[in-house]
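User: Hey, I'm new to this one. Can you walk me through it?

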Amino acid sequence: MQIQPASFAFTLLLGFLAAVPYSGIDINLPALAATSATLGVSPSEVGLTMSAFMLSLAVAPLVYGPVSDRLGRKPVVAFGIALFVVASLACAAAQSLPALLVCRFVQGLGAASTAMTFAIIRDLFGETTARAKIANVVVAINVVTVIAPTAGAALLTIGGWRLIYMIQAAIGALLLLALVLGFAESARIDPANRLAPAVVIRSYIRVLTHPVSFAYILVGAASGATVFGYVAGSSLFFIGVVGLGPDQYGLIFSACSAAVMSGALLDSRLGRRGISTALVLTIGLTLSATASATLLAMTVAGWAQPAFVAAPLMMVALAFGMTMPNIMNATMQPLPDIAGAVGAAAGSIQITAGAASSGLVAVLFDGQSALSMAAVMAACSLLALLAYCLLARRAERRIHSQAVEAPAMIEGATVISEKL
C-alpha cells in the first residue's frame, strides 16, 4: 500500500531516511573506547572509523545523484539502504580494525544514498511546500541526533558495541521494507537520457556553472562548516577545558539540537504565512554571523563561562535550522531535471567543507580556550553571509531581470516586424 506524498507518514519516512547518515555517526560515539578495547587498538585509531564513514558520505552521492536522475530515486535509495544493512552486519562481525574500517566505509556508501531525499521532495512539491517539507525533515534529523548518543550508550550497556551495529542493520531493514512497499517513484524519467560518463560530467558542469545553484551550494557549505566547527569544538571545550561531565555536555548538545528543530519549525511557519525565502535567509545568516562573532569576542576577552559560550552556540543552531531548508530548496530550484545531481553536489561539498572546518578546529585547539572553535565559526558564518549577499542574491536578480527583459525584447521585435 503506497504512502501518499502529502501524508505525515511520508514525511516521517523521508525524515528517518535522511537521518541515517547522522545516526551512523552519533550512535557510535559512546562505543569508541569499548571498540578499541575489544580490537586491541587505541581510541584515536578507532576514531578513524568515523573518518572512513564521513569520507564515503562525501564521495558516494556524486555517483548516486546522476544515477537517480536517469534510473529513478527509489532503486538508488533501496540499493543504498540494502548496502547499509549488509555493511552494518559486517561491522558487527569485524575482528580487526582494518576490517572495521572497510566495513564502515561501505556502510557510509550505503547511507549516502539517502541524500536523495531532498531531490524526492523537489520532485513532488512546489517551492513553498517543498520548503516546509525540508524543514520537517531537518526536524526529524535533529530528533535522531538527540536520541542517538543516548541510545548508543544504552545499547553499549546492554550488549556491547557490536549490538549497536546490529540495531543499525535492523533499522535499515525496516526502512528498506517501508521504502519498497510504500514508496512510489518520484522522478520524471526521460527514457532518452543515457547513463554515460559524458552525460554525468555534463550534469555536474551544469550544476557548478549555474550561477544560482552554485552560489547556494557555497552558502550551504559555509553554513554547514559553521555547525561542524561547533560539533568538533564544543566537546573539546566543555569537556576538555571546562571539565563538564558527558551528561552535562549532553544537555548542551541536546539544547543546540532542539534549537535547530525550533529554527526549522519557525521557518515552516513563516513560509505558510508568506514570508519570503530571501528575508528568512537574510535574518538567519545575519544571526549566525552575529552570534559567532559575539562568541569570538567573548573568547578573546576571556569571558569563557559555559553559559556565555552555550548561548551563542544555540543562536547559531537556531539560525541553521531557519536557513538550511531554504538553502537546499533554492539550490535545487533552478535545475529540477537534474535535482539528484544538484543535491549530490551540494551534499558532497557541504560534508567536505564540514570535515575541513572540524579538522581545523581540532588542529588549532590550544587546550585552554574555545578560541579555535569561535574563530572557525566566525569565519565560516561570515563567508556564508557574504556568499548569499554577494553571489546568490546578485545571481537571482540578474536572472530575474533577464527573464523580464526577454519577453519585452520579443514583443519589440514582433512590433517592428509587423510594421515592416
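User: Let's start with cysteines: is Cys256 buried or exposed?
Analyst: Cys256 counts as buried because its relative accessibility is 1%. Buried here means under 20% relative accessible area, exposed means over 50%, and partly exposed is in between (1.4 Å probe, protein chains only). One caution: this is a predicted model, so local features need pLDDT of at least 70 and side-chain atom pairs count only at pLDDT 80 or more, while totals for chains, interfaces and linings use all residues. Residues are numbered from 1 along each chain as its sequence is written, and side-chain values use heavy atoms, with hydrogens and water left out.

User: How many disulfides are there?
Analyst: The count is zero, taking a disulfide as a pair of cysteine sulfur atoms within 2.5 Å. For Cys91, the nearest cysteine sulfur belongs to Cys103 and is 4.9 Å away. For Cys256, the nearest is that of Cys380, 17 Å away.

User: OK, on to the core. Which residues touch the most other members of the largest nonpolar core?
Analyst: Those are Val207, Phe238, Leu313 and Met373, in a core of 100 residues. A nonpolar core is a set of buried Ala, Val, Leu, Ile, Met, Phe, Trp, Tyr and Cys residues joined through side-chain atoms within 4.5 Å. Helix H12 (residues 211-241) gives the most to this core, with 12 residues. Helices are DSSP runs (H or I, at least four residues), numbered from the N terminus.

User: What does Phe238 touch?
Analyst: Leaving out residues up to four places away in sequence, its contacts include Tyr249, Ile252, Pro306 and Leu313. Contact means heavy atoms within 4.5 Å. There is also a second, separate core of 13 residues, with Ile27, Cys103, Trp161 and Ile164 among them.

User: Now helix H8. How many of its residues are buried?
Analyst: Seven of the eight residues in H8 (residues 117-124) are buried, including Phe118, Arg122 and Asp123. The buried residues of H8 pack against helices H1 (8-26), H6 (73-93), H9 (127-159), H15 (306-332) and H16.

User: Switching to charges: how many salt bridges does the structure hold?
Analyst: Five, where a salt bridge is a side-chain nitrogen of Lys or Arg within 4 Å of a carboxyl oxygen of Asp or Glu. Asp69 pairs with Arg73, with the closest N and O atoms 2.7 Å apart. Asp69 counts as buried at 5% relative accessibility, and Arg73 counts as buried at 2%. Asp69, Arg73 and Asp123 are linked in a network of salt bridges.

User: Which pair links distant parts of the chain?
Analyst: That's Asp267 in helix H13 (residues 246-272) and Arg131 in helix H9, 136 residues apart. Their side chains meet at 3.0 Å, N to O, and both residues are buried.

User: And what about Arg393 and Glu396?
Analyst: They form a salt bridge too, with the closest N and O atoms 3.1 Å apart. Both lie in helix H17, three residues apart, about one turn of the helix. Arg393 counts as partly exposed because its relative accessibility is 25%.

User: Last one: which residues make the nonpolar surface patch?
Analyst: Leu218, Leu382, Leu386, Leu390 and Leu391 make a patch of about 400 Å². Patches take residues with over 30% relative accessible area and no salt bridge, joining like charges within 9 Å and nonpolar side chains (Val, Leu, Ile, Met, Phe, Trp, Tyr) within 5 Å. Accessible areas come from the Shrake-Rupley method with a 1.4 Å probe, and for residues only the protein chains shown count as cover. Helix H17 (residues 371-419) gives the most to the patch, with four residues. Leu382 counts as partly exposed, at 44% relative accessibility.

Key: Helices (H or I, at least four residues) and strands (E, at least two) are DSSP runs, numbered from the N terminus.
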